[in-house]
Amino acid sequence: MLDGKVAIITGGTRGIGFATVKTFLDNGAKVVLLGSKEESVNKAIEELKKINENYEVSGAYPNLSDLASVEETFKDVVDKYKKIDILVNNAGISAMESIYDYTEESFKKIMDLNVNAVFNCTRAVVNYMKKNKGGVILNTSSMVSIYGQPSGCGYPASKFAVNGLTKSLARELGKDNIRVNAVAPGVIYTDMMKNVPEEKIKPLINTIPLRKIGKPEDVANAFLFLASDMSSYITGEILSVDGAARS
Ligand code: NAD
C-alpha cells in the first residue's frame, strides 16, 4: 500500500510508533524512525533488521522541540531519498498530576513534545511536500482529546491542540495536495500503559464496549489506511481507534 513512499515517524522506537514503522515497512515504504536517544534508535533498527534484513529503515534523534534540529534531520532525509511523502507525528508523553500539584515545568514539558514538536516537524516538512506536489501528515491524538480526563489536564490539553492543528492544517494545505489527519487511540497496551497499576486495568477493560485493550498494531493499521491512497479523499479527520471507550 505504500510502495516507494518515504516516511518519517517520530517516537518510532517503541509502542505505537514502532508498530507503525514495521507496518509501513511491510507495506513497501522506506522509513526513517526518530527517537529521543541514539541507543534506543539503534536498538529499534536492529530489532527490525532481525525481522527482515531487507527493510529500508534508518533513524535519527533530533531534538523535536527545536525547529533547527528537526530541519537538519529532514534535510538529511531529503538529501538521501529526494523527498518525504509521509510524516507521522507520534512522539508523545503523558502525566497524571492533579492541578493542585501540577508544576509549570511539567506542563511545559508536555506541550514542548506533544504540541511544539508537531508544529516543528510539520513546519519542516511542508515545503518538501509542496515541492513534491503532495504528501500526508498524520498526528497521534488521543481519546482524551474528545472527552478530557479527570486528572493530568496538560495531556488532554495537548491533544486538543493536536486536533486543532490537524483540522486547521487540513484546510490550509488541501490546495497543495497535502492531507492531514489524526488517529485518536483509546487504551493501547504500550510502555505508557505500563505505568497504570494492574488493579486499575481490569475494571478499565469492563468499561470498554469491545472488552479489550487495543494493540499498537490496531493504531498502526489506521495510520496505514490514512497514509495510503485508500484515503485519498479524507482530510481533517480525527479517527478514533478505541473500541468505543469513553472514560
Ligand atoms: P511510548 O512511551 O511507548 O513511546 C513514546 C515514543 O515517543 C518513544 O518512541 C520515545 O522515544 C518517544 N519520545 C518520548 N519522549 C521523547 C522526546 N523528548 N523526544 C523525542 N521522542 C520522544 O508511547 P506510546 O503509547 O506508543 O505513545 C505514542 C503516542 O500515542 C503518543 O503521542 C501518545 O500520547 C499516544 N497515545 C497513546 C495511548 C496509549 O494508550 N498508549 C493512547 C492514546 C494516545
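A disulfide is a pair of cysteine sulfur atoms within 2.5 Å. The model is predicted: local features need pLDDT of at least 70, side-chain atom pairs count only at pLDDT 80 or more, and totals for chains, interfaces and linings use all residues. Residues are numbered from 1 along each chain as its sequence is written, and side-chain values use heavy atoms, with hydrogens and water left out.

**View 1**
A search of the whole structure finds 0 disulfides. C121 is buried, at 0%. C153 is partly exposed, at 34%.

**View 1. The shell around the ligand.**
The ligand is surrounded by 25 residues. A residue counts as near a molecule if one of its heavy atoms lies within 4 Å of it. The closest are T13, I16, N90, Y155 and T190. How does the shell divide by class? It has 10 nonpolar, 12 polar and 3 charged residues. Here Ala, Val, Leu, Ile, Met, Phe, Trp, Tyr, Cys and Pro count as nonpolar, Asp, Glu, Lys and Arg as charged, and the others, Gly among them, as polar.

A polar contact is a pair of N or O atoms within 3.5 Å. The side chain of T190 places an N or O atom 2.6 Å from an oxygen atom of the ligand. I188 contributes a backbone N or O atom, 2.9 Å from a ligand oxygen. For G186, a polar backbone atom is 3.4 Å from an oxygen atom of the ligand. On its own, the ligand has 830 Å² of accessible area, and the protein covers 89% of this. Such areas come from the Shrake-Rupley method with a 1.4 Å probe. Which elements give two or more residues to the shell? They are helix 1 (15-26), helix 6 (154-173) and helix 7 (191-194). Helices (H or I, at least four residues) and strands (E, at least two) are DSSP runs, numbered from the N terminus.

The whole structure holds 7 salt bridges. Each is a side-chain nitrogen of Lys or Arg within 4 Å of a carboxyl oxygen of Asp or Glu. Side chains of opposite charge can pair when their charged atoms come close. K108 and D112 meet at 3.2 Å, N to O. Both belong to helix 4 (residues 104-131), 4 residues apart, so about one helical turn separates them. K108 is exposed at 51%. D112 is partly exposed at 22%.

The side chains of K175 and D176 meet at 3.6 Å, N to O. K175 is exposed, with 67% relative accessibility, whereas D176 is buried, with 18%. In the bridge between K215 and D218, the closest N and O atoms are 3.8 Å apart. K215 is partly exposed at 46%, and D218 is partly exposed at 31%.

K133, a residue other than glycine, has a positive phi near 65°. Where does K133 lie? K133 sits in the loop between helix 4 and strand 5 (135-140). K133 is exposed, at 66% relative accessibility. Phi of A244 is positive, near 65°, again in a residue other than glycine. A244 belongs to the segment after strand 7 (238-241) and is partly exposed at 33%.

Note on methods
Polar contact = N/O pair within 3.5 Å; in protein donor to acceptor, adjacent residues only side chain to side chain. Buried < 20%, exposed > 50% of the residue type's maximum accessible area, 1.4 Å probe, protein only.
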